[in-house]
Amino acid sequence: MITIRPIPAFSDNYIWHLQHKDEHWVVDPGDADPVMRALGRNQLTGILLTHHHFDHTGGVPALKQTYECPVYGPASIESVTHPLAEGDQFSVLGGQWEVLSVPGHTLDHIALILHADGARHLFCGDTLFAAGCGRLFEGTPEQMFRSLSRLADLPSDTLVYCAHEYTLSNLKFALTAEPGNPDIEARMASASRARAEHRPTLPSTIGIELATNPFLRTQSPAIQAQTHARADSEGDTPVEIFATLRRWKDVF
Ligand SMILES: [Zn+2]
């Protein structure tokens, strides 16, 4: 049985801590101190990375030195000992992992899928967020749209572990981009309750994202009407609608 817990870091990052028996792994440790506190007297077995940004990798040198553990992630990151790329598979934590290349937020961004205990767990870093998606720092709208489409095609019960608690602000934008969507309104209510009680709004599922995430809903007539009406509209193809939404969210 695997357990997966969020370790809060900085103002809104989650470092995911995965445990199976005596094995402890973390995903995207931007800071070493909260990881060491969470581990207590346990040893860290390994580190998984989704992309090179500092708030996902800043804790790696200290953790690697303290625990002498391997680092799995994109080859672009200097501290990586086990480079991962599209199509790679590996086995740790009693489960099978597969790797998808998902460029857009950064060009080196990968998503990691863990198959364990009869469930599918997606660690998607800053590509797919609850009700949102990452900014386009390095890639094109075409690349990000394709990356998100690949994640959206995963089975709807896939659990989604994003690297930030951005859900409430993303849902505010989602309600503006697609007014009247009852699934977004219901999610806003449950996410507001969770945050008021200091609980994370994650994990999500692909099914919830398909129903409430505007960046996966370019087929929605309400979203199409909103993006079409904007002065900065890029056009009406799915990629252009996505590009318009992303630019709109940048200034929302
Ligand atoms: Zn990032």
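Guide: A residue counts as buried under 20% relative accessible area, as exposed over 50%, and as partly exposed in between, with a 1.4 Å probe and protein chains only. This is a predicted model, in which local features need pLDDT of at least 70 and side-chain atom pairs count only at pLDDT 80 or more, while totals for chains, interfaces and linings use all residues. Residues are numbered from 1 along each chain as its sequence is written, and side-chain values use heavy atoms, with hydrogens and water left out.

Visitor: Then is Asp 157 buried or exposed?

Guide: Asp 157 is exposed, at a relative accessible area of 56%. Asp 157 sits in the loop between α4 (141-152) and β13; helices (H or I, at least four residues) and strands (E, at least two) are DSSP runs numbered from the N terminus. Between the C-alpha atoms of Asp 157 and Glu 142 there are 26 Å in space, and the two residues are 15 apart in sequence.

Visitor: What about Asp 153, buried or exposed?

Guide: Asp 153 counts as exposed, with 67% relative accessibility. The loop between α4 and β13 holds Asp 153.

Visitor: Changing topic: which residues are the protein donors of the zinc ion?

Guide: His 51 (NE2), His 53 (ND1), His 105 (NE2) and Asp 126 (OD) are the protein donors, 2.1 to 2.3 Å from the zinc ion. Donors are N, O and S atoms within 2.8 Å of the metal (3.2 Å for Na, K and Ca), and sites may look incomplete because water is not among the atoms. Along the sequence, the donor residues follow the spacing H-x1-H-x51-H-x20-D. His 51, in the loop between β4 and α2 (54-57), and His 105, in the loop between β8 (95-101) and β9 (110-116), are 54 residues apart and link distant parts of the chain.

Visitor: Why is the arrangement irregular?

Guide: The four donor atoms subtend angles of 90 to 164 degrees around the zinc ion, which makes the arrangement irregular. Four donors count as tetrahedral if all angles lie between 85 and 135 degrees; four count as square planar and six as octahedral if opposite donors are over 155 degrees apart and all others between 65 and 115; anything else is irregular.

Visitor: And His 51 and His 105: buried or exposed?

Guide: His 51 is buried, with a relative accessible area of 0%, and His 105 is buried at 3%.

Visitor: Now the sheets. What is the strand order of the one with β1?

Guide: That open sheet has six strands in the order β1-β2-β3-β4-β5-β6, with mixed pairing. β1 (3-9) and β6 (82-83) stand at its edges with a single partner strand each, so one side of each has no neighbour in the sheet. Two strands pair if DSSP finds at least two bridges between them. For instance, β3 (residues 23-27) and β4 (residues 46-48) pair in the parallel sense over three bridges, and Val 27 stands opposite Leu 48 in β4.

Visitor: Which strands does α1 lie across?

Guide: Helix α1 (residues 32-39) lies across β1, β2 (13-20) and β3, at about 140 degrees to β1. Axes are lines fitted to C-alpha atoms, for helices over the stretch in contact, and angles run from 0 to 180 degrees between N-to-C directions. Contact means heavy atoms within 4.5 Å.

Visitor: What is the strand order in the sheet with β7?

Guide: Six strands form that open sheet in the order β7-β8-β9-β10-β13-β14, and the pairing is mixed. β7 (89-92) and β14 (204-205) are the edge strands, each with a single partner strand, so one side of each is left without a neighbour in the sheet. Helix α4 packs on this sheet and touches β8, β9 and β10, making about 155 degrees with the direction of β8.

Visitor: How many residues of β10 are buried?

Guide: Five of the seven residues of β10 (residues 119-125) are buried, so the strand is mostly covered. β10 pairs with β9 in the antiparallel sense over five bridges, and Ile 113 has Leu 122 as its bridge partner in β10. β10 also pairs with β13 (residues 159-162), in the parallel sense over four bridges, where Gly 125 stands opposite Cys 162.
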